[in-house]
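Visitor: I would like to learn how to read a model of several chains, one feature at a time. Could you give me the general idea of each feature and then the case at hand?

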Amino acid sequence: MHKRWIEISVGLMLVAGVVALLSLALQVSGGHLTRSADRYPIAALFENAAGLAPKAQVTLAGVTVGEVVAVVIDPQTLMAKVQMQINGEVNYLSIDSSASILTAGLLGEKYVGLTVGAEDEVLVAGDMIEDTQSALVLEELIGQFLLNLGDSN
Amino acid sequence: MAVNGIIEIHNLSFFRGKRAIFKDIDVSIAAGKITAIMGPSGTGKTTLLRLIGGQLQPHQGEVQLFGKNIAQLNRRQLNQLRSRMGVLFQSGALFTDLTVFENVAFPLREHTQLNDQQLHDRVLLKLEAVGLRGARELMPSHLSGGMARRVALARAVALEPEIILYDEPFSGQDPIAMAVLQRLIKDLNDEMQLTSVLVSHDIAEACAIADRVILLGEGRVLAHDTPEALQTSPDPAVRQFMHGEADGVIPFHFPAPPLAAELLCDNASVADKQGGLL
Amino acid sequence: MINLVAALGEQLLQRLALMGQALLMLLQSLKVLPGKHGIARLTQQLYVVGVQSLIIMLVSALFIGMVLGLQGYTLLSAYGSEQAVGQMVALTLVRELSPVVAALLFAGRAGSALTAEIGLMKATEQLASLEMFGVDPLHRIVAPRFLAGLICLPLLVAIFSLVGIYGGYIVAVDWLGVYSGSYWGNMQQAVDFGEDVVNGMIKALVFAFVVSWIALYQGYSCVPTSQGISTATTRTVVYSSLAILGFDFILTALMFGGA
């Protein structure tokens with residue numbers, strides 16, 4: 001009887017441990033492991049990528065479709081080159097798509113928002129998005145606002 | 001060299017740190033007899049048992065069991081030899097997580113291929129021999145000291161060994177338990193044609209059943225004879241031990257520098273030592 | 001001066017010899033795994049080492065998760081980002097707190113018990129008696145306990161993380177009113193299985209190895225008296241705790257420091 005209880009409780013513990021590990025994989029980390037397998041890289045050049053960091057979201061119409069992998073300087077143009085990984089099933093980004101760096105809320109995280117253009121041809125792995133809009137830098141914005149305020153007076 | 005004893009010890013020396021427990025001793029233990037190894041506490045009686053069991057390696061000399069030098073055996077051969085030898089440890093050393101039955105069954109499960117029925121019968125016979133068949137479902141923690149030792153004895157003889165080593169079988173037992181153990185040791189020895197080696201400092205009990213007595217002291221074999229001969233031995237050290245005299249040639253003091261030298265040393269260092277203690 | 005150098009050298013050699021002994025004990029015990037009735041013995045030890053540590057793990061995990069939820073909420077709400085409390089709780093637990101706290105509890109609960117048990121077996125001559133029956137105590141006693149520790153701690157750490165995250169959920173969502181969707185959503189966004197969960201598990205495995213090894217060696221090599229056992233038990237807890245924290249720093253630097 002006692003021995004039976006030992007075996008049952010050990011079995012329960014093993015199951016609980018495996019279930020916990022599975023939940024950590026699926027619920028807590030959102031199954032990132034499975035998704036990262038099927039992705040393709042694209043890049044975009046921005047005048048200014050202030051505040052954008054690796055692992056930031058890439059969205060299309062507010063839906064996450066990928067993430068930023070790296071933000072580096074392009075030595076030829078001296079612009080910020082943002083490298084992204086886009087989920088494989090999102091295979092309908094036209095080559096004239098545009099990318100802008102947006103902010104979640106007033107002080108929130110920076111992310112990349114994509115807008116699809118009109119062309120039939122789509123972006124494939126390694127392509128570059130031409131049409132970009134840089135990050136809003138709050139300090140510049142406030143400076144401009146104050147300048148305008150001074151002008152109108 | 002003629003090997004006549006079942007256990008032969010030649011030129012054995014053993015040290016603990018720098019202190020010599022044994023200095024070049026020779027012991028021969030005859031088959032089929034009860035041999036008592038006696039001596040004052042701290043003379044390495046238990047160490048000698050461990051050396052015979054191969055749990056300790058001598059620093060010099062050799063131990064032969066059944067005519068084989070145990071230092072030259074590999075692990076498997078040593079274990080093979082050990083299965084022909086039973087040991088009754090001082091504390092009984094029953095496995096605390098097993099029942100009495102399982103404790104006695106342990107060596108059988110390890111070394112034999114008996115089926116469940118044979119195993120069951122054999123264990124019950126051994127328990128019957130020590131009078132504890134009724135206690136087979138108890139855990140060792142529920143046994144009295146004397147009962148635990150009897151279970152340990154049943155376990156030690158479960159494999160029907162040729163040699164059995166007893167480590168202080170009588171210490172801490174009440175007179176009845178002592179008498180029971182004495183009779184068991186004697187009966188087992190006679191019925192199973194065992195060679196029994198028992199380590200003890202209970203002179204009367206050990207002498208009552210022993211055929212031969214080996215008296216150890218100061219790292220040497222002081223005497224090896226029959227109990228009767230030792231009782232009347234003229235050797236002062238033997239006399240002192242056999243008759244339990246406080247004063248005699250066996251020193252009462254642990255080895256130390258002369259008393260006068262220590263008493264006359266400067267007081268500061270003594271105060272230091274006491275300060276350290278408190 | 002020469003004496004001092006000699007004494008230091010002697011000390012060093014002594015330490016090296018101890019480490020060597022501990023390594024030999026480990027290798028000896030791992031040379032032959034389960035064998036006859038091995039699974040039953042392993043199950044027994046999984047029960048002692050794992051199941052019996054479960055309650056303390058669950059309770060600690062729940063409270064630690066709740067505290068993290070509470071602290072995270074007050075801290076993050078100062079920046080208006082209290083919706084990110086989920087990812088904070090999850091990352092803190094998965095990467096750091098679960099392995100470390102679970103391992104510390106494990107050392108205190110299971111490690112000390114292992115040391116005391118084996119020390120007592122030595123004191124009551126059970127180990128010597130096994131040897132005389134031709135059974136190597138390293139295989140019979142030490143190996144299943146070591147293996148059980150190695151299996152249990154990672155599982156306990158996974159359970160710890162999950163329970164802690166639900167503890168945080170209770171406080172943040174049920175009590176403080178964070179939106180449930182953003183609790184999980186932000187968490188899933190931030191936590192990476194390969195980088196965070198797996199690294200946490202690697203830590204757990206390393207800690208399990210270290211704690212079990214220390215506990216078993218201390219028990220196996222203790223002076224077989226009541227005082228010797230109590231000293232060995234204390235040492236297990238102290239050495240294990242120091243080793244856990246030290247290894248945690250090294251592992252964290254290796255895993256997350258380079259990025």
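Visitor: What is the order of the strands in the open sheet of chain B?

Guide: Strands of a sheet pair through backbone hydrogen bonds, either parallel or antiparallel. In this predicted model, the open sheet of chain B has 4 strands in the order β2-β1-β4-β5, with antiparallel pairing; strands here are DSSP runs of E of at least two residues, helices are runs of H or I of at least four residues, and both are numbered from the N terminus. Two strands pair if DSSP finds at least two bridges between them. Because β2 (19–29) and β5 (68–69) of chain B each have a single partner strand, they stand at the edges, and one side of each is left without a neighbour in the sheet. Strand β1 (residues 7–16) and strand β4 (residues 60–65) of chain B run antiparallel and are joined by 5 bridges, and B:Glu8 stands opposite B:Gln64 in β4(B).

Visitor: Before we go on, which conventions should I keep in mind?

Guide: Residues are numbered from 1 along each chain as its sequence is written, while chains are lettered from A and ligands numbered from 1 in the order in which they are written. Since this is a predicted model, local features need pLDDT of at least 70 and side-chain atom pairs count only at pLDDT 80 or more, whereas totals for chains, interfaces and linings use all residues; side-chain values use heavy atoms, with hydrogens and water left out.

Visitor: How many bridges join β6(B) to strand β7 of chain B, and which way do they run?

Guide: Strand β6(B) is joined to strand β7 (residues 163–167) of chain B by 4 bridges, and the two run parallel. One of the residues to look at is B:Met85, whose bridge partner in β7(B) is B:Ile163. Strand β6 (residues 85–88) of chain B is covered on both faces, with B:Met85 and B:Val87 buried on one side and B:Gly86 and B:Leu88 buried on the other. Buried means under 20% relative accessible area, exposed over 50%, and partly exposed in between (1.4 Å probe, protein chains only).

Visitor: How many salt bridges does the structure hold over all chains?

Guide: Side chains of opposite charge can pair when their charged atoms come close. A salt bridge is counted when a side-chain nitrogen of Lys or Arg is within 4 Å of a carboxyl oxygen of Asp or Glu, and the structure holds 13 of them over all chains. Among them is the salt bridge of A:Glu67 with A:Arg39, whose closest N and O atoms are 3.7 Å apart. A:Glu67 lies in strand β3 (residues 63–74) and A:Arg39 in strand β1 (residues 39–46) of chain A, so this pair ties together parts that are 28 residues apart in sequence. A:Glu67 is buried at 18% relative accessibility, and A:Arg39 is partly exposed at 23%.

Visitor: Which helices of chain C are linked by the pair C:Asp196 and C:Arg95?

Guide: The side chains of C:Asp196 and C:Arg95 meet in a salt bridge at 2.6 Å, N to O. This pair links helix α7 (residues 193–220), which holds C:Asp196, to helix α3 (residues 85–123), which holds C:Arg95, and the two residues are 101 residues apart. C:Asp196 is buried with a relative accessible area of 1%, while C:Arg95 is partly exposed with 27%. C:Glu96 and C:Lys203 also meet in a salt bridge, at 3.0 Å, N to O; C:Glu96 lies in helix α3 and C:Lys203 in helix α7 of chain C, so the pair ties together parts 107 residues apart in sequence. C:Glu96 is partly exposed at 24% relative accessibility, whereas C:Lys203 is buried at 0%.

Visitor: Which chains share the most contacts?

Guide: Contact means heavy atoms within 4.5 Å. Of the 2 pairs of chains in contact, chains A and C share the most contacts, with 24 residues of chain A in contact with 28 residues of chain C. No contact joins chain A and chain B, whose closest C-alpha atoms lie 12 Å apart.

Visitor: How many salt bridges are there between chain A and chain C?

Guide: The count between chain A and chain C is 0 salt bridges.
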